[in-house]
Amino acid sequence: MPSYLYEIRQSLELLLDPRARKGKVDGTLATTTFGDGPLAVFENDYFNSWWGHFFKGTHKDIDFLVSDFAKTSGIVTFGPALAVATDTTDEYELIPPDYSPVELLGAINEAIRMVSEEALENVVDESVQ
């Protein structure tokens with residue numbers, strides 16, 4: 001069972017579109033590019049216009065839009081440019097263009113709001129005084 005918000009979002013992404021991907025930056029470190037070897041199985045331009053989101057590492061919680069993808073070494077070019085180059089602590093997700101990371105989080109929050117009265121229990125810990 002997912003315990004982090006990014007895990008819930010990634011589960012939702014895969015339910016909406018099984019093409020969604022996640023990975024870890026492993027090369028071509030720059031402010032507008034990163035590489036991830038496992039992506040090299042996809043053809044040039046495959047991820048163009050996809051949404052991206054860094055969910056761990058130096059650039060955690062930063063969204064981006066893929067402007068180009070090169071099969072060679074799985075190089076993703078994106079914008080807007082980061083203030084500091086990507087690094088190997090960064091983990092990312094690539095989301096097909098139908099839903100942005102903001103829209104996915106909005107849907108999750110709306111689902112929580114809709115069931116909150118039935119599923120969530122209001123508890124106050126009065127043991128610590």
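Contact here means heavy atoms within 4.5 Å, and helices (H or I, at least four residues) and strands (E, at least two) are DSSP runs, numbered from the N terminus. The model is predicted, so that local features need pLDDT of at least 70 and side-chain atom pairs count only at pLDDT 80 or more, while totals for chains, interfaces and linings use all residues. Residues are numbered from 1 along each chain as its sequence is written, and side-chain values use heavy atoms, with hydrogens and water left out.

View 1. Axes are lines fitted to C-alpha atoms, for helices over the stretch in contact, and angles run from 0 to 180 degrees between N-to-C directions.

**View 2. Helices H1 and H2 pack against each other.** Helix H1 (residues 5–16) and helix H2 (residues 101–119) meet at an angle of about 105 degrees, with their axes 10 Å apart. The contact is made by Leu5, Ile8, Arg9, Leu12, Glu13 and Leu16 of H1 together with Pro101, Leu104, Leu105, Ala107 and Ile108 of H2.

**View 3. An open sheet holds 6 strands.** The order is E1-E6-E3-E4-E5-E2 with antiparallel pairing, where two strands pair if DSSP finds at least two bridges between them. Strands E1 (21–24) and E2 (33–35) stand at the edges, each with a single partner strand, so one side of each lacks a neighbour in the sheet. E1 is joined by 4 bridges to strand E6 (residues 91–95), and Gly23 stands opposite Tyr92 in E6.
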